[in-house]
Amino acid sequence: QVQLVESGGGLVQPGGSLRLSCAASGSIFDINQMGWYRQPPGKERELVATITTSGRGNYIDSVRGRFTISRDNAKNTVDLQMNSLKPENTAVYFCYASLIYYGASYYADYWGQGTQVTVSS
């Protein structure tokens with residue numbers, strides 16, 4: 001009933017930029033928090049950034065000042081602008097949304113399939 005689809009990953013040189021986008025679709029009644037996680041090679045998934053319904057972003061220390069999260073509540077989308085990328089930012093990036101769909105009784109977290117970001121020269 002609900003699907004999240006990411007786009008925008010790829011290969012970029014150190015110091016470069018990428019913009020990730022995620023669109024939620026389906027019988028969505030309301031979306032609460034949205035955000036991005038990532039999973040570096042051989043490591044566990046970690047939180048990168050979250051954004052409230054009012055647009056307030058929160059970031060992990062290692063990306064603050066370089067990454068910017070934004071959302072469009074009318075379109076049910078969340079973006080992640082990544083600047084000054086470093087090789088250690090290489091990971092599969094996943095978007096998520098805490099949402100409730102029509103007919104449901106509670107909010108639940110939904111995830112995209114992930115998009116690969118590779119930072120390498």
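**Close-up views of a predicted model**

**View 1. The disulfide of C22 and C95.** C22 and C95 form a disulfide, with 2.0 Å between their sulfur atoms; a disulfide is taken here as a pair of cysteine sulfur atoms within 2.5 Å. The structure holds one disulfide. The model is predicted, so local features need pLDDT of at least 70 and side-chain atom pairs count only at pLDDT 80 or more, while totals for chains, interfaces and linings use all residues. Residues are numbered from 1 along each chain as its sequence is written, and side-chain values use heavy atoms, with hydrogens and water left out. The torsion about the S-S bond of C22 and C95 is about 45 degrees, so the disulfide is right-handed. The pair links distant parts of the chain, with C22 in strand 3 (residues 18–26) and C95 in strand 9, 73 residues apart. Strands (E, at least two residues) are DSSP runs, numbered from the N terminus.

**View 2. Burial of the two cysteines.** C22 has a relative accessible area of 1% and is therefore buried. C95 is buried as well, because its relative accessible area is 0%. Buried means under 20% relative accessible area, exposed over 50%, and partly exposed in between, using a 1.4 Å probe and protein chains only.

**View 3. The largest nonpolar core.** This core has 28 residues, of which W36, L80, M82 and Y93 touch the most other members. At least two residues each come from strand 1 (2–7), strand 3, strand 4, strand 5 (46–51), strand 7 (67–72), strand 8 (77–82), strand 9 and strand 11 (115–119). Strand 9 gives the most, with five residues. A nonpolar core is a set of buried Ala, Val, Leu, Ile, Met, Phe, Trp, Tyr and Cys residues joined through side-chain atoms within 4.5 Å.

View 4. Strand 9 (residues 91–101) pairs with strand 10 (residues 108–111) in the antiparallel sense over four bridges; two strands pair if DSSP finds at least two bridges between them. L99 has A108 in strand 10 as its bridge partner. Six residues lie between the strands of this hairpin, where G103 takes a positive phi near 95 degrees.

**View 5. The surroundings of F29.** F29 lies in strand 4 (residues 28–39). With a relative accessible area of 54%, F29 is exposed. Leaving aside residues up to four places away in sequence, F29 touches I100, Y101 and Y102, where contact means heavy atoms within 4.5 Å. F29 and Y101 are 72 residues apart along the chain, and their C-alpha atoms are separated by 4.7 Å.
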